[in-house]
Amino acid sequence: MAVKREHWGSRIGLILAVAGNAIGLGNFLRFPVQAADNGGGAFMIPYMISLLLLGIPLLWIEWALGRFGGTRGHGTAVAVFDYLWKNPVAKYIGFMGVLIPLAVVVYYTYIESWTLLYSFFSLTGSLPSTPLTADIKDYLEPFKHFLVEKTGENSQGLILTPALETYIFFVITLLINLYILYRGVSAGIEKVAKIAMPLIFIMAILLMIRVFTLTSPDGRNFLDGLGFLWNPDFSALTNPKVWLAAAGQVFFTLSVGFGAILTYASYIKPKDDIALNGLAGASVNEFAEVILGGSIAIVASVIFFGITATASIASEGAFNLGFMALPAIFANIPYGQFFSFIWFLLLFFAGVTSSIALSQPAIAFLEDEFGLSREKSVGILGLFLFISSHIPIFIKGALGEIDFWVGTLGLVIFAFFEAVIFFWIYDSKKAWEEMTRDNDIKIPGVFYYIMKYVAPGFLLIILVSWSVESLPSTLSKTDVGVWIARMFLLLMIVLGFVLIKKAWERRNGRTSS
């Protein structure tokens, strides 16, 4: 007998939980780097176009799919796709909505634990501290050495050797995630969102105010930082990579294509609104990303290091900006230890609200399709994550490889299937009726055509472009760690297919062999 499905306790709790799903490390680390590297203010033109033609339509599609599935007692694309498309392959395609977020959590929880570790080290004054010098490389070197030492990236050969405290904080972070999930949708996820989201905004605003009061010995201030980030380089708009970067950032920031929003939406009541709820969650996320995320890390770095050095740091990755440049700045300002603490605590809270959302589809699959209790589902998930996370923790190259296949390519493929199955294979008229019923605001009619034609076409262009640009170099990798990561993902796919087969045998009343 299937477990009775939960519901969200309040609208504000739902909106904060959905916003928490979207607001993650990418808002405060990835977005400013992407904007700075892709034309500054001009980046916002393709970003906003992608948001309107891709992000919001796909967001509403996932909300509609989730509510559709929830009324039938299911919260993952596995069952939803099977209802929409009476083809044996549908449920296996739908498994992408469980596999992708689950595989992301495998490495995301580990990265999330770095932020808790750094927050603790900030509080205890254990982070490096060097006097400001003219040589940016010499200045950042202690912070780079600290990061690679703690994560084991300075290890030689295949096996990484992270510091013991890094591993301990990973276990603590995993247990925190599992406890929240164990508490359930309303008492766990929703309650945490109501606490974590206001704290995230309070900490981000405090950091933004402090950054805006910084000045360098050379006279640079926050206006120079904002100018670097927002002054438009319109020549960048002729570069296709800028448009792809903008579309990719929209995917990451709204968390579309992961399957988590679909699962969250399945816990609303049958006649609950999806249009306003979806738009409200997206608006909260965009404020966090564009206003707050765009006003902290890059701006502070420009003030202290200048535009050229900041561009160099940003081009080498968001981790360098967040885990090296920012701590280096905090080490040289009054009360810097406190601001470093809240910076990394902010990232940790943002990470937690995202990782629990990405974990929920796997729990929903076990509860809905196998009738398992919440306790057993979380226990199975916890055991899987603990064992699987050792691959990105200890195998060199595994983290980046898993991220490419599920966190870059996989989510675009899944989003394409969501749009095509709902608006083409199922029935576009019925899909539109499902999407527009019982809403507090009216979805403009033009979105029917955007969802049916524009969004799938846009996704297809992204897939082809990324395949041409990234697949050849990725497939040419022969590192042992890369192959271990690929075998792990293949094993997840095989295991998923076996579980789906058993679940449908159970549903049809047959005894599995």
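Q: Where is Ser-119 placed in this predicted model, and why is Ser-119 called buried?
A: In this predicted model, Ser-119 is located in helix H6. Its relative accessibility is 2%, and the term buried applies under 20%; Ser-119 therefore counts as buried.

Q: Which residues does Ser-119 touch, not counting residues up to four places away in sequence?
A: Ser-119 touches Phe-341, Phe-344 and Leu-345.

Q: How do you know whether helix H6 and helix H17 are roughly parallel or roughly antiparallel?
A: The axes of H6 (residues 96-124) and H17 (residues 336-370) cross at roughly 160° and come within 8 Å. Angles over 145 degrees count as roughly antiparallel, and H6 and H17 are therefore roughly antiparallel to each other. The crossing of these two helices is left-handed. The residues of the contact of H6 with H17 comprise 20 nonpolar, 12 polar and 1 charged.

Q: What makes Thr-353 of helix H17 a buried residue?
A: Thr-353 lies in H17 and has a relative accessibility of 3%. The limit for buried is under 20%, so Thr-353 counts as buried. Leaving aside neighbours within four places in sequence, Thr-353 is in contact with Gly-20, Asn-21, Ile-23, Ala-196 and Met-197.

Q: Why is Ser-126 called partly exposed?
A: Ser-126 lies in the loop between H6 and helix H7 (136-151). The relative accessibility of Ser-126 is 37%. Buried requires a value under 20% and exposed a value over 50%; Ser-126 therefore counts as partly exposed.

Q: What are the contacts of Ser-126, leaving aside its neighbours within four places in sequence, and what separates its C-alpha atom from that of Gln-337?
A: Ser-126 is in contact with Phe-121 and Phe-146. The C-alpha atoms of Ser-126 and Gln-337 are separated by 9.6 Å, while the two residues are 211 residues apart along the chain.

Q: Which residues make the contact of H9 with H13, and how do they divide by class?
A: From H9 come Met-197, Phe-201, Ala-204, Ile-205 and Met-208, and from H13 come Val-284, Phe-287, Ala-288, Ile-291 and Leu-292. By class, the contact has 10 nonpolar, no polar and no charged residues.

Q: What is the phi of Asp-438, and why is Asp-438 called partly exposed?
A: Asp-438 has a positive phi of about 55° although it is not a glycine. Asp-438 is placed in the loop between helix H21 (428-436) and helix H22 (446-469). At 36% relative accessibility, Asp-438 falls between the limits of 20% and 50%, so Asp-438 counts as partly exposed.

Q: How do you know that Asp-272 is in contact with Asp-438?
A: Contact means heavy atoms within 4.5 Å, and Asp-272 is in contact with Arg-67 and Asp-438, leaving aside neighbours within four places in sequence. The C-alpha atoms of Asp-272 and Asp-438, 166 residues apart along the chain, are separated by 6.6 Å. Asp-272 lies in the loop between H12 and H13. With a relative accessible area of 29%, Asp-272 is partly exposed.

Q: Why is the protein called as compact as a globular protein of its length?
A: The protein has 24 helices and 0 strands. Its radius of gyration is 22 Å, close to the 24 Å that the globule rule gives for 513 residues, so the protein is as compact as a globular protein of that length. Buried residues make up 60% of the 513 residues.

Key. Residues are numbered from 1 along each chain as its sequence is written. This is a predicted model: local features need pLDDT of at least 70, side-chain atom pairs count only at pLDDT 80 or more; totals for chains, interfaces and linings use all residues. Side-chain values use heavy atoms; hydrogens and water are left out. Axes are lines fitted to C-alpha atoms, for helices over the stretch in contact, and angles run from 0 to 180 degrees between N-to-C directions. Helices (H or I, at least four residues) and strands (E, at least two) are DSSP runs, numbered from the N terminus. Angles under 35 degrees count as roughly parallel, over 145 as roughly antiparallel, 65 to 115 as roughly perpendicular and the rest as oblique. A crossing is left-handed if the near helix is turned anticlockwise from the far one by less than a right angle, and right-handed if clockwise. Ala, Val, Leu, Ile, Met, Phe, Trp, Tyr, Cys and Pro count as nonpolar, Asp, Glu, Lys and Arg as charged, and the others, Gly among them, as polar. The radius of gyration is taken over C-alpha atoms; the globule rule is 2.2 Å times the number of residues to the power 0.38. Buried means under 20% relative accessible area, exposed over 50%, partly exposed in between (1.4 Å probe, protein chains only).
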